[in-house]
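Colleague: I'd like to learn how to read a model like this one, feature by feature. Could you walk me through it?

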Amino acid sequence: ILCKKFNGVRHYLLYAKYEPGNIPLLQLSPTLQATASNLKQVHGGKKPLFAEYFEEGGKGKVITSVVGVEDGGRFYLKTNRNMIVEVDETEEIKVLEDYIWVTLPQLRKLLKKDGVVNSLTRSVMGSW
């Protein structure tokens, strides 16, 4: 999750993402949710938005970077890297209409509503 301070208040950039099976259809996801293959463009696709912040030696300051097991009972040896990366207040970030900046108090309120914040966002925020 990318974060940035606006007027001294830290905000987190979340993505209103559609995924099959979501109830409701859109859930607030991490800024970047991608496989290692996607990031390395193994299959020749385009690099995901905001990837440059989460790669080794990338832009911004890594606040946390933690590897965790994703449901070991179902996904053998599957792990996720949970990262929060902060960019300088002066950096201009182009945000598309399906992204939203939220503060921690706003996110806490959203977490209390069923189906609004996806499990990966919960995992990333919980790893800090």
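**Reading the model**

Modeller: Let's begin with E86, which is placed in strand β5. Strands (E, at least two residues) and helices (H or I, at least four) are DSSP runs, numbered from the N terminus. Keep in mind that this is a predicted model, where local features need pLDDT of at least 70, side-chain atom pairs count only at pLDDT 80 or more, and totals for chains, interfaces and linings use all residues. Residues are numbered from 1 along each chain as its sequence is written, and side-chain values use heavy atoms, with hydrogens and water left out.

Colleague: Is E86 buried or exposed?

Modeller: Buried means under 20% relative accessible area, exposed over 50%, and partly exposed in between (1.4 Å probe, protein chains only). With a relative accessible area of 12%, E86 is buried.

Colleague: Which side chain does E86 join in a polar contact?

Modeller: A polar contact is a pair of N or O atoms within 3.5 Å; within protein, one must be able to donate a hydrogen and the other to accept it, and residues adjacent in sequence count only if both atoms are side-chain atoms. Here the side chains of E86 and R10 are joined by one of 3.0 Å. For contact in general, the test is heavy atoms within 4.5 Å. Leaving aside neighbours within four places in sequence, E86 is in contact with C3, K5, R10, G60, K61 and I63.

Colleague: And K4, where does that residue lie?

Modeller: K4 lies in strand β1, and at 7% relative accessible area K4 is buried. Its side chain reaches the backbone oxygen of E91 at 2.4 Å. Beyond four places in sequence, the contacts of K4 include V9, H11, D88, E92 and W101. K4 and T90 are 86 residues apart in sequence, yet 9.2 Å apart in space, C-alpha to C-alpha.

Colleague: Next, the nonpolar core. Which members of the largest one touch the most other members?

Modeller: A nonpolar core is a set of buried Ala, Val, Leu, Ile, Met, Phe, Trp, Tyr and Cys residues joined through side-chain atoms within 4.5 Å. The largest has 13 residues, and L2, L13, F50, Y53, F54, V85 and I93 touch the most other members. Strands β5 and β6 (99-103) each supply at least two residues of this core, and β5 has the largest share, with 3 residues. Apart from it lies another core of 11 residues, among them C3, Y12, I84 and V102.

Colleague: What does Y53 touch?

Modeller: Not counting residues up to four places away in sequence, Y53 touches L2, K59, V85, V87, E91 and I93.

Colleague: How should I read a helix? Which residues of α3 are buried?

Modeller: An α-helix has 3.6 residues a turn, so residues three or four places apart point the same way. In α3 (residues 119-126), the buried residues are T121, V124 and M125. They cover an arc of only 95° around the axis, which puts them on the same side of α3; the arc is that of the directions from the helix axis to the C-beta atoms. The face turned away from that side carries the exposed residues S119 and G126. The cover over the buried residues of α3 includes β2 (9-18), β3 (26-29), β5 (79-87) and α2 (104-111). At the start of α3, a side-chain oxygen of N118 reaches to within 3.1 Å of the backbone nitrogen of L120.

Colleague: How many residues line the largest pocket?

Modeller: On a 1 Å grid over the protein atoms alone, a pocket is an open set of points with protein on both sides within 12 Å along at least five of seven lines, where a 1.4 Å probe fits; lining residues have an atom within 4 Å of a point. The largest pocket is lined by 22 residues, of which Q33, A34, T35, N80 and R81 lie nearest its centre. The most lining residues, 5, come from β5.

Colleague: Finally, the backbone. Which residues does a cis peptide bond join?

Modeller: The cis bond joins I23 and P24, with omega about -5°, and P24 is in the loop between β2 and β3. N7 lies in the loop between β1 and β2, and at 80% relative accessibility N7 counts as exposed.
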